[in-house]
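Dear colleague,

I am handing over the structure below, and I would be grateful if you could look through it before reading my notes, which follow directly after it.

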Amino acid sequence: MSLVSLTGVSVAHGDHQALENVDLAISPGEIVTIVGPNGSGKTTLLRCIIGALRPNKGRVERARGVRIGYVPQGLSIDPTLPLSVKRFLSLPRRRRDADVSAALEQAGVAGLEDRQMSALSGGQFQRALLARALLEKPELLILDEPTTGLDQPGSADLYGQIEQVRRDTGAAILMVSHELHVVMSASDRVVCLNGHVCCHGTPEIVASAPEYRALFGTGTRGALALYRHEHDHSHSHDHEHDHGHDHGHDHHKDHQKDRGTHTHA
Ligand SMILES: Nc1ncnc2c1ncn2[C@@H]1O[C@H](COP(=O)(O)OP(=O)(O)OP(=O)(O)O)[C@@H](O)[C@H]1O
């Protein structure tokens, strides 16, 4: 029995088709990672799963009463706003002090209750977000690029913490990540998204799939290629992308151009 399942889900933002005919099911206790270039619909997919966004085609089904914890991408808090960690975890619902402390401990930041959110390091901040999601006692924990802003050791630590949460609670984990080289090995399944599901399967299967390699290249350079990815290729052949990354360019326009050149898995 799946915790959530998506069947033929399509989402349009205005006249932009962000997701097209996506099928995905998450089983209890598994770690599933979604990879895909910027603008490939990863956040849109997660928002459909939590019910914040309604698909215009297809079905999203959740197991009855399933508890979902969500760590959004790039949440920022006004640094001038006085807000303790304890208060933050009690928003929007009042939580018992003991529950707050237990969640912080589970997220690897025990004892930070009275610190100001604005005074936390990047890694502590992301763990505070994780703790807030854990207060739901989730059967499914959804994390949207949880390591944003962390350096490599910080990212590795946080992924370790997330695996620990799965071991402790048995929660399924669905996350979006750009750090393929780190998350691939920790994932039971990887879904490569580019508006549609390009390929999916075990990390080994996805890493060797031509659709994945066309997007991300191969080996460690493949992981690096993700950061450098430019969408000026056709997906008809397998080659490495080692161009410099132009932060200024219009990814979304290029994505439009890219779409439809993939084969469906
Ligand atoms: N509310 C919205 N209104 C209009 N377009 C949107 C909206 N939300 C997302 N989009 C567009 O839909 C596409 C998919 O966006 P989404 O945020 O899901 O991608 P993503 O894979 O999470 O990207 P990133 O890796 O950059 O976070 C993008 O082209 C984006 O501009």
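Which residues of the largest nonpolar core touch the most other members? Before the reply, please note that this is a predicted model, in which local features need pLDDT of at least 70 and side-chain atom pairs count only at pLDDT 80 or more, while totals for chains, interfaces and linings use all residues. Residues are numbered from 1 along each chain as its sequence is written.

The residues in question are Ala131, Leu140, Ile142, Cys192 and Tyr212, in a core of 68 residues. A nonpolar core here is a set of buried Ala, Val, Leu, Ile, Met, Phe, Trp, Tyr and Cys residues joined through C-beta atoms within 7 Å, and a residue is buried if 20 or more other C-beta atoms, placed from the backbone, lie within 10 Å of its own. Helix α4 gives the most to this core, with 7 residues, and the core draws at least three residues from each of domain 1 (4-67 + 141-258) and domain 2 (76-137), bounds that come from an automatic or database domain assignment.

Where the two domains meet, the contact takes 12 residues from domain 1 and 12 residues from domain 2, two residues being in contact if their C-beta atoms, placed from the backbone, lie within 7 Å. On the side of domain 1 that touches domain 2, the largest share, 6 residues, comes from helix α5 (residues 152-169).

Leu129 is found in helix α4 (residues 122-134), and it counts as buried because 22 other C-beta atoms lie within 10 Å. Leaving aside residues up to four places away in sequence, Leu129 touches Val71 and Leu75, and its C-alpha atom is separated by 8.2 Å from that of Pro72, 57 residues apart along the chain.

Turning to the ligand, 13 residues surround it, and the closest are His13, Asn38, Lys42, Thr43 and Thr44; a residue is near a molecule if its C-beta atom, placed from the backbone, lies within 6 Å of it. The largest share of this shell, 3 residues, comes from α1.

For the chain overall, the secondary structure comes to 10 helices and 9 strands, where helices (H or I, at least four residues) and strands (E, at least two) are DSSP runs, numbered from the N terminus. Buried residues make up 40% of the 265 residues in the chain.

With best wishes

Technical notes
Buried ≥ 20, exposed ≤ 12 C-beta atoms within 10 Å, placed from the backbone.
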